[in-house]
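Subject: Structure handover: rings and cavities

Dear colleague,

Please have it open while you read.

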Amino acid sequence: MQQENSINSVTEGDINLTEARLDWLATTVDEKTKELLDKDARYFFHQALSTPCLDVLRDCSDASIMAISGKKYYDFHGNNVHQIGYSNPKLIEAITTQLQGLSFSPRRFTNEPAIHFAEKLASLCPGSLNRILLTPNGSSAVGIALKLARAITKKFKVVSFWDSFHGASLDAISVGGESAFREYMGPLMPGVERIPPPVTYRGIFENNESKCLEYLEYVFEKEGDIGAFMVETIRNTDVQIPSKHFWTAVRNLCNKYGVLLILDEIPIALGRTGKMFAFEHYDIEPDILCLGKGLGGGIFPQAAIVTRDEYNVFGSISLGHYTHEKSPIGAIAGLSTIQFIEENKLLIKVQEDAIYMLSELIRFQEKFSLIGDVRGIGLLWGIELVKDRSTKEKAFAEAEKVMYDCLKHGLSFKVSAGNVLQLSPALTISRAELTEALQILEESLLKVQNQHTN
């Protein structure tokens, strides 16, 4: 049987099945941690992107996580749930208070936290985006959005981008574009048309968004019965940021061909880009907005879709109907998360941090030939490592070496596409902590580049 580390996996995320992991276990991890890692590997089902694990955590606080050994990491990954920091005291207090009262709300009943949460989400969105469905996770939110689009348009076909990620359930991987999630899955949801994404650094439409738009319209026109365009406003994993012109044109094309625009902001909403929602950078409105991950403050699983008042005409069918749909705990977590972002002016802070990040990472790019490209917005940044700037050959081995060296010195981040260091710290991170984390990264880049050139 084929092993879980297929040849394609190196392009899909962190790979720690190499000699570097053996060195990590031999030189960095204590005996108690090794014993627990062995048990973790024994009892948990192995799958790409999440096994094997590298350490055992004991604690988390604000911008950091801590292992049972006492080792501290600045977490620049966080599975995109840590916008307001880990173990946020205000959030814990709100959830604890709610737990002492109404902890669950069965169907046929509603509750004040859920109502206030829905009202708050609606108030944050423009136009007629006033209708909410709550669900426990982002994949389910994507599923609801796809079902709603079919009901509205009476069309089942969807356009999405290759390399996109919209969740891990069968319907979500059907519209997603990452191969690690589709292997062995057989026939997926029919009617999905994938097109290459617009990227600024490499690929078919390199620095040519107009060609991507031309391709998109070609598919809309030739296919003729597309109901929805499911897309990440800003691609999170390897950080791809389309222009305002691109999104204005996409919105116009969707209007022209009667296609619903579904924006997946599950990992990037709630201040990550310096706005509450990433689409606010582009002065457009989605028809359906998918939210999740950090919506529960990193403590409680909470997701949602937001859509238009005029689509609220399907009372005879169930589009969500999840057991924890109107969870008072999830709702209070979501409401408290948004309130914390607003009360602590995190959007302004993130915009200021973005200026600092850009300055530092451009300096890194000028200093290290290993860096082919730097791109980012807010506190979402990607550093693409290449063996040669002219050929843009991906520096897979070097990216892994940088990752492990940073881990040894207390900085954790995601590696995407095999060679992109994706940096997304808690929005609450202090400037001193941000500086220290970037110093760790700079020293690791220096060490690996020196190895690369010698």
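Which element supplies the largest share of the lining of the second largest cavity? That share comes from α5, with 4 residues. Please keep in mind throughout that this is a predicted model.

Cavities

There are 2 cavities of 30 Å³ or more in the structure. Besides α5 (138-153), the strands β5 (157-161) and β7 (226-232) each give at least two residues to its lining. The residues around this cavity are Leu 146, Ala 149, Arg 150, Thr 153, Lys 155, Phe 156, Lys 157, Val 158, Gly 227 and Ala 228. Sorted by class, they come to 5 nonpolar, 2 polar and 3 charged.

The largest cavity has a volume of about 40 Å³. Its lining includes Ser 164, Phe 165, His 166 and Gly 167, and also Ala 172 and Ile 173. Gly 176, Gly 177, Glu 178, Phe 181 and Arg 182 are lining residues of the largest cavity as well. Here the classes are 4 nonpolar, 5 polar and 2 charged.

Aromatic rings

The structure contains 10 aromatic pairs. One of them joins Phe 220 and Phe 229 in an edge-to-face arrangement, with 6.3 Å from centre to centre and 85 degrees between the planes. Both Phe 220 and Phe 229 are buried.

Why does the pair of Phe 277 and Phe 279 count as stacked? The planes of the two rings are at 5 degrees, and stacking requires planes under 30 degrees apart, so the pair meets that condition. The ring centres of Phe 277 and Phe 279 are 5.6 Å apart. Phe 277 is buried, at a relative accessible area of 1%. Phe 279 is also buried, with 1% relative accessibility.

Charges over rings

Two further contacts are worth a look on the model. Where does the charged end of Arg 194 sit? It lies over the ring of Trp 162, 4.9 Å from the ring centre. The charged end of Lys 392 sits over the ring of Tyr 201, at 4.4 Å from the centre of that ring.

Regards

Note on methods
Residues are numbered from 1 along each chain as its sequence is written. This is a predicted model: local features need pLDDT of at least 70, side-chain atom pairs count only at pLDDT 80 or more; totals for chains, interfaces and linings use all residues. Side-chain values use heavy atoms; hydrogens and water are left out. Rings of Phe, Tyr and Trp (its six-membered ring) pair if their centres lie within 6.5 Å; planes under 30 degrees apart count as stacked, over 60 as edge-to-face and the rest as tilted. Buried means under 20% relative accessible area, exposed over 50%, partly exposed in between (1.4 Å probe, protein chains only). A charge sits over a ring if NZ of Lys or CZ of Arg is within 6 Å of the ring centre and within 35 degrees of the ring normal. On a 1 Å grid over the protein atoms alone, a cavity is a set of points where a 1.4 Å probe fits but cannot get out, and a pocket is an open set with protein on both sides within 12 Å along at least five of seven lines; lining residues have an atom within 4 Å of a point. Grid points are joined across faces, edges and corners, and a volume is the space filled by probe spheres set on the points. Ala, Val, Leu, Ile, Met, Phe, Trp, Tyr, Cys and Pro count as nonpolar, Asp, Glu, Lys and Arg as charged, and the others, Gly among them, as polar.
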